[in-house]
Amino acid sequence: MYKKAMSCLLLANLLFVFGFMCIKGVAENRTAAATAFEVKLDETYVADNESSAMGIVSVAASGQRVVDCNVLEKKLAYQLSEEEVNVLLRIVEAEAGGEDIEGKLLVANVVLNRVNSSKFPNTVKEVVFQQEKGVTQFSPVANGRYYTVEISDETVEAVALALMGEDISQGALYFAAREYADDDRMRWFDENLTLLFKHGGHEFFK
């Protein structure tokens, strides 16, 4: 029951960011991430009983009005299910929890680039849990960190940006933290891939 509630809260936070980014001059309301709202996602609506039919963010969970304006719908570049959004949030947090928002966005971009590439599976879940010869593609899945992270507001914002089409990855399909990576694995990266750029603790390759 707790996990289900947390999953719903994460999705609510993500959807709130979609609406939030369309509102001008309400930066002070970022802490109202649990606001009652309605935003279209994957051809369905997530709403509570008091949300309007036009996606107006008007009443917080406390009953107080927090945004006195319409939330403009912004078309998503990616239509993901609740489960897929949750997987993306978790892998971004697990891989880039200590990075800035650009670092988090880059990890989300890489996952989505793989979804769009014929070299990888075509869903977020399959990409994140993909194995080759018994070896997982993302170390947090192997070591269990993926399952224990707490999703930050900045990760929610970064994933929202990625799902709305913001891509700063230059087409990267791989990333690695050289400081923590296995020497043999980094040697494979260096010998078989093209280094695009470095950001924070990660190097991005294609």
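Leaving aside neighbours within four places in sequence, with which residues is V128 in contact?

**View 1. The surroundings of V128 in the predicted model.** Apart from neighbours within four places in sequence, V128 is in contact with V87, I91, V111, F138, V141 and Y146. V128 also belongs to the largest nonpolar core, where V128, I91 and V111 are among the residues with the most contacts inside that core.

**View 2. The largest nonpolar core, with 45 residues.** The residues with the most contacts inside this core are L88, I91, V111, V124, V128 and L163. Two or more residues each are given to the core by the elements α2 (82–96), α3 (101–116), α4 (124–128), α6 (153–163), β7, α7 and β9. Of these, α3 gives the most, with nine residues. In soluble globular proteins, nonpolar side chains tend to be buried together.

**View 3. An open sheet of three strands.** The strands follow the order β7-β9-β8, and their pairing is antiparallel. Because β7 (174–176) and β8 (195–199) stand at the edges, each with a single partner strand, one side of each is left without a neighbour in the sheet. On average, neighbouring strands of this sheet are turned by 25° against each other, direction ignored.

**View 4. The pairing of β7 with β9.** Strand β9 (residues 202–205) and β7 pair in the antiparallel sense over three bridges. Y174 has F205 as its bridge partner in β9.

**View 5. Helix α7 against the sheet strands β7 and β9.** Helix α7 (residues 183–192) lies across both strands and runs at about 135° to β7.

Terms used: Residues numbered from 1 in each chain as written. Predicted model: local features only at pLDDT ≥ 70, side-chain atom pairs only at ≥ 80, totals over all residues. Heavy atoms only, no water. Pairing = 2+ DSSP bridges. Helix = DSSP H or I, 4+ residues; strand = E, 2+ residues; numbered from the N terminus. Axes fitted to C-alpha atoms, helices over the stretch in contact; angles between N-to-C directions. Contact = heavy atoms within 4.5 Å. Core = buried A, V, L, I, M, F, W, Y, C linked by side-chain atoms within 4.5 Å. Buried < 20%, exposed > 50% of the residue type's maximum accessible area, 1.4 Å probe, protein only.
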